[in-house]
Amino acid sequence: MIPLNGGDLHIPWQKELARAFTTPEQLLDYLGLDAAPWQPGLAARRLFPMRVPRPFADKMEKGNPRDPLLRQVLPLVEEFAEVPGFVTDPLDEHDSALPGLLHKYRSRVLLVLRGGCAVNCRYCFRRHFPYADNSPGQGGWQPAIDYIAAHPEINEVILSGGDPLMARDEHIAALLDELEGIAHLRRLRIHSRLPVVIPARLTDRLRDRLAQSRLRPVLVLHVNHAHEVDDYLASRLHSWQRAGITLLNQSVLLAGVNDTADALEALSERLFEAGVLPYYLHQLDKVAGAAHFAVSDEHARALISELLSRLPGFLVPRLVREIGGEHSKTPLDLHLEPR
Ligand code: SF4
């Protein structure tokens, strides 16, 4: 059982944001690790700033340089490698319908509620994304609301970012008031990693506002490893699930983090214990600076094949890849043969 931690439970999530680790030296010292062997790579935080909330650091194993959570956030020398095929905008997202609004899929729009995240994941496909140009800013979403109202084919709004839960509860509630007035909308989906790194972000206030909405609320978490779901996060998720909020998870397949059948099996089991269904397992988006996280398609297929033999089907995530310009995620053909 993963211990109850999640940092000091009495610290509000905004304060946890403010006291996050921002240098590798601080974090390594906190974990009891010598920074010297990492020194050549630590400057990679100039390519993409480092930010690690303490409740996430508390889930790492002290003294373990290979901790799978540490690997996701620690700048490494490999980030400087220029690898063919790895580019700054792998999904070609720089062309949005409006600042802060991406209309990639016919019935769904992505609303960039807030630029920036609570944690900066080194593999992030948006590590080069110009948030400042694409975030509508607090309360500046009226053009996006007008766009959605004028497009009756849209039935779902996906709050994205950055991380949309970086917005305060009252701002999300105010946006919800507006969206609820658009008759053709049916669902509100929130994609967030923030509760994983600061579980206190799952406030009762936000839960209750979402639960009373006429729009069906869905929270899609981004958990990559079973150790990310400690008991405190699980208890918050249970409370959101009991309130009627659908909980799903999507992960990224990451070398050195979750690229074994044991790790993925443990992740699915732990998610289900916490009331969350595994939904997607993404192949890495080929973003510059993250090639060292890539897993071959062949290995990815073998992992899913193994999971199918170990787990019930509803605990096996769909292996997908996002391809810029495509109108949905592209499932990877598993090439399964009868046994
Ligand atoms: S939380 Fe998501 S969007 Fe933010 S840095 Fe991590 S992967 Fe990227």
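Tutor: Let us begin with pairing, where two strands count as paired if DSSP finds at least two bridges between them. Please keep in mind throughout that this is a predicted model.

Student: With that definition, how many bridges join strand S3 to strand S4?
Tutor: Strand S3 covers residues 156-161 and strand S4 covers residues 187-192, and the two run parallel. Within this pair, glutamate 156 stands opposite arginine 187 of S4. The number of bridges that join S3 to S4 is four.

Student: In what order do the strands of the open sheet lie?
Tutor: The open sheet is formed by nine strands, and their pairing is mixed. Its edge strands, each pairing on one side only, are strand S1 (101-105) and strand S9 (330-331). Read across the sheet, the order is S1-S2-S3-S4-S5-S6-S7-S8-S9.

Student: Which helix packs on the sheet and touches S2, S3 and S4, and what angle does its direction make with that of S2?
Tutor: The helix spans residues 169-180 and is labelled H8, while strand S2 spans 108-114. Besides S2, helix H8 also touches S3 and S4. The angle between the direction of H8 and that of S2 is about 150°.

Student: In which sense do S1 and S2 pair, parallel or antiparallel?
Tutor: S1 and S2 form a hairpin with two residues between them, and three bridges connect the pair. The sense of the pairing is antiparallel.

Student: Which residue of S3 is the bridge partner of arginine 108?
Tutor: S2 is joined to S3 by six bridges, and these two strands run parallel. S2 is also mostly covered, since five of its seven residues are buried. The partner of arginine 108 in S3 is glutamate 156.

Student: Why is S6 described as largely enclosed by the rest of the structure?
Tutor: S6 pairs with strand S5 (residues 216-221) in the parallel sense over four bridges, and threonine 246 of S6 is the bridge partner of valine 218. As for burial, a residue counts as buried when its relative accessible area is under 20%. S6 is largely enclosed because the buried residues among its seven number six.

Student: Is leucine 254 buried or exposed?
Tutor: Leucine 254 is found in the loop between S6 and H12. Leaving aside neighbours within four places in sequence, its contacts include Gln72, Tyr123, Phe293 and Val295. Its relative accessibility is 0%, so leucine 254 counts as buried.

Student: Which element gives the most residues to the lining of the largest cavity?
Tutor: A search of the whole structure finds three cavities of 30 Å³ or more, and about 50 Å³ of space lies in the largest cavity. Its lining divides into seven nonpolar, three polar and no charged residues, with Asn249, Leu264 and Tyr280 among them. Strand S6 (246-252), helix H12 (261-273) and strand S7 (277-282) each supply at least two residues. The element that gives the most, with four residues, is H12.

Student: What is the volume of the largest pocket?
Tutor: The largest pocket is lined by 42 residues, of which Phe125, Arg126, His191, His222 and Gln250 lie nearest its centre. The elements that give two or more residues to this lining are S1, S2, S3, S4, S6 and S7. By class, the lining holds 17 nonpolar, 14 polar and eleven charged residues. The volume of the largest pocket is about 800 Å³.

Student: Finally, what percentage of the residues in the protein chain is buried?
Tutor: The secondary structure of the chain comes to 13 helices and nine strands. Among contacts with a separation of 6 or more, 83% link residues 24 or more positions apart. Of the 339 residues in the protein chain, the buried share is 54%.

Definitions and conventions
Residues numbered from 1 in each chain as written. Predicted model: local features only at pLDDT ≥ 70, side-chain atom pairs only at ≥ 80, totals over all residues. Heavy atoms only, no water. Contact = heavy atoms within 4.5 Å. Axes fitted to C-alpha atoms, helices over the stretch in contact; angles between N-to-C directions. 1 Å grid on protein atoms, 1.4 Å probe; cavity = no way out; pocket = protein on both sides within 12 Å on 5 of 7 lines; lining within 4 Å. Points joined across faces, edges and corners; volume = space filled by probe spheres on them. Nonpolar A, V, L, I, M, F, W, Y, C, P; charged D, E, K, R; others polar. Buried < 20%, exposed > 50% of the residue type's maximum accessible area, 1.4 Å probe, protein only.
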